[in-house]
Amino acid sequence: MVTSVTPAGRGGPGRRRSGRRAGRGVFMAAGTALALAGSVGTAAAAPPVPETRSAGRAGGPADGVWEVDGYGMSVVIADGVLRGWDTTAISCLPGTTARQTGRPGPGGTVRFEVDGIVLTVRPGPGDRASLSLDAAVDTRRMRRVEALPERCGRAPEKDPVATFDVFWQTFEENYAFFAARGVDWDAARAKYRPRVHAGTSPGELFDILSEMVTPLRDGHVALAANTPELTRFFQTGRPGTADPSKEYDDLVKEFVERRDLGGKPLREYANGAIGYADLPGGIGYLRISRFVAYTAGAPAYAADSPELARVLDRIITRARTSGPGAWRGLIVDVRVNGGGFDGLGLQIASRLTDRPYAAFAKQARNDPHDDTRFTRRQTLRVKPAAGVPRYTGPVALLTGGATVSAGETFTQALSERPSPTTRIGENTQGIFSDTLGRSLPNGWQFALSNEKYTNPRGFSFEGPGIPPHLATPVFTKEEFAADRDSAFDRARKLLGRRP
């Protein structure tokens with residue numbers, strides 16, 4: 001899953017900053033332009049408000065003012081620059097600036113880039129167009145409008161009450177899971193707004209906002225203050241699940257190498273994100289800890305995807321997929337997976353099938369007054385990789401509560417695989433949506449879930465997560481104390497029985 005809070009130093013915290021909650025979502029090293037996956041947004045990067053309140057189309061068919069279906073967002077394209085605006089009924093804050101790369105393509109298609117993320121705008125018939133990102137797997141529809149909302153020309157109020165109101169209103173218009181998570185958002189406002197006044201301190205306001213969203217238990221909901229007055233971060237998750245931090249990932253990897261691999265270290269690839277080992281009995285073991293930051297430097301999908309292709313060429317070889325030395329089975333371990341780019345998960349899935357199939361579908365909330373209305377459903381498919389060896393035998397997929405975000409969409413993709421695939425372990429975390437990142441008038445940032453992911457039959461696992469076929473404990477205190485890895489052992493036994 002792609003998330004969308006912007007990185008520290010650019011007006012907000014980042015998607016993939018190493019350490020804190022490494023993949024549940026919000027603040028790891030790949031953050032930079034992933035804001036564009038949900039909002040084109042960090043206020044610090046935009047020009048003064050009056051400068052881009054309206055725009056014509058003189059420069060080309062993509063130029064003008066556009067309203068994006070869902071996402072509470074408008075886009076202005078003019079003079080080779082794309083600027084985003086985050087809107088609610090009471091606010092309009094500027095977002096990230098992306099600059100055009102190259103000349104327009106057929107039909108007026110224009111590409112823009114910001115922080116290694118490429119956006120493509122394709123003008124359509126009439127007053128329609130589409131917006132897509134190389135870092136995401138879906139396409140956003142846009143409709144041409146005459147101008148930005150009138151409120152985009154006003155300087156925002158920055159007092160505590162205004163900040164509270166923008167925070168609450170953004171959730172009210174965009175959050176997709178109030179009913180699913182059992183939260184009455186109107187009641188939350190009635191409870192917490194009376195506690196906010198002109199004299200509320202930054203620390204008190206941060207506590208109030210954090211307390212208000214805690215009952216959502218949504219790991220893609222986060223709040224960050226990075227201002228001279230206050231530096232704090234808040235994020236929660238499903239109770240009883242582990243935080244897929246770098247420290248936890250390192251702890252688990254050491255345990256797996258010592259206990260499951262007999263002290264033999266994994267062969268590591270992709271900047272340490274992917275590890276592989278050959279197990280006795282012709283079984284492969286593939287451990288994937290994230291779907292982002294596969295190369296050194298600022299994470300970017302354009303660099304990660306070809307690097308992943310090179311890694312898969314070294315692991316999924318012709319010798320392991322055919323002939324006498326072929327795998328009898330493959331264990332894929334995402335029990336600690338911090339998420340990242342959905343497209344990288346689909347890229348791995350394309351090496352594990354010889355038939356195309358539907359992996360999952362997604363849609364975004366698209367009505368500020370009705371949280372049951374969504375954009376059109378887009379089905380994402382896995383296509384067999386061409387010209388390379390592919391493995392089509394049995395897979396045992398290990399999952400747990402620290403399988404989050406893009407780790408879960410990958411789990412969903414493999415679950416639909418035409419060849420035998422057995423999930424073993426515990427439910428995934430249950431946070432699928434790309435995070436919608438926003439800035440507040442006082443300079444803080446926050447993130448929320450506005451998209452619904454479903455399996456091809458329309459069922460959403462948001463909240464409880466994807467359950468295993470075979471339930472076993474995953475890295476519990478009891479498992480560690482007994483030096484036991486029940487999920488791994490179950491997978492070995494299952495694949496060892498296959499002819």
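Me: In which loop does Asp-79 lie?

Reply: This is a predicted model: local features need pLDDT of at least 70, side-chain atom pairs count only at pLDDT 80 or more, and totals for chains, interfaces and linings use all residues. Residues are numbered from 1 along each chain as its sequence is written, and side-chain values use heavy atoms, without hydrogens and water. Helices (H or I, at least four residues) and strands (E, at least two) are DSSP runs, numbered from the N terminus. Asp-79 lies in the loop between strand S2 (73-78) and strand S3 (81-87).

Me: Is Asp-79 buried or exposed?

Reply: Buried means under 20% relative accessible area, exposed over 50%, partly exposed in between (1.4 Å probe, protein chains only). The relative accessible area of Asp-79 is 76%, so Asp-79 is exposed.

Me: What is phi of Asp-79?

Reply: Most residues other than glycine have a negative phi. Asp-79 is not a glycine, yet its phi is positive, near 55°.

Me: What is phi of Arg-217?

Reply: Arg-217 sits in the loop between helix H3 (202-213) and strand S9 (222-227). With 36% relative accessibility, Arg-217 is partly exposed. Arg-217 is not a glycine either, and its phi is positive, about 50°.

Me: Which residues does the disulfide join?

Reply: A disulfide is a pair of cysteine sulfur atoms within 2.5 Å. One turns up in a search of the whole structure. At 2.0 Å from S to S, the pair is Cys-92 and Cys-152.

Me: How many residues apart are Cys-92 and Cys-152?

Reply: The disulfide joins Cys-92 to Cys-152. Cys-92 is in strand S4 (residues 92-100), and Cys-152 is in the loop between strand S8 (139-145) and helix H1 (160-174). The link spans distant parts of the chain, 60 residues apart.

Me: Is the disulfide of Cys-92 and Cys-152 right-handed or left-handed?

Reply: Cys-92 is buried at 5% relative accessible area, and Cys-152 is buried at 0%. The torsion about their S-S bond is about 90°, so the disulfide is right-handed.

Me: What is the C-alpha to C-alpha distance between Pro-389 and Thr-317?

Reply: Pro-389 is in the loop between strand S17 (378-382) and strand S18 (395-399), and is buried at 15% relative accessible area. Contact means heavy atoms within 4.5 Å. Beyond residues up to four places away in sequence, Pro-389 touches Ile-316, Thr-317, Arg-318, Thr-321 and Arg-351. Pro-389 and Thr-317 are 72 residues apart in sequence, but their C-alpha to C-alpha distance is 5.9 Å.

Me: At what angle do H5 and H7 pack?

Reply: Axes are lines fitted to C-alpha atoms, for helices over the stretch in contact, and angles run from 0 to 180 degrees between N-to-C directions. The axes of helix H5 (residues 301-315) and helix H7 (residues 342-349) are 10 Å apart, and the angle is about 20°.

Me: Are H7 and H8 roughly parallel or roughly antiparallel?

Reply: Angles under 35 degrees count as roughly parallel, over 145 as roughly antiparallel, 65 to 115 as roughly perpendicular and the rest as oblique. The axes of H7 and helix H8 (residues 406-415) cross at roughly 30° and come within 9 Å. That makes the two helices roughly parallel.

Me: What share of the chain is buried?

Reply: The chain has 10 helices and 24 strands. It holds 499 residues, and the buried share is 62%.
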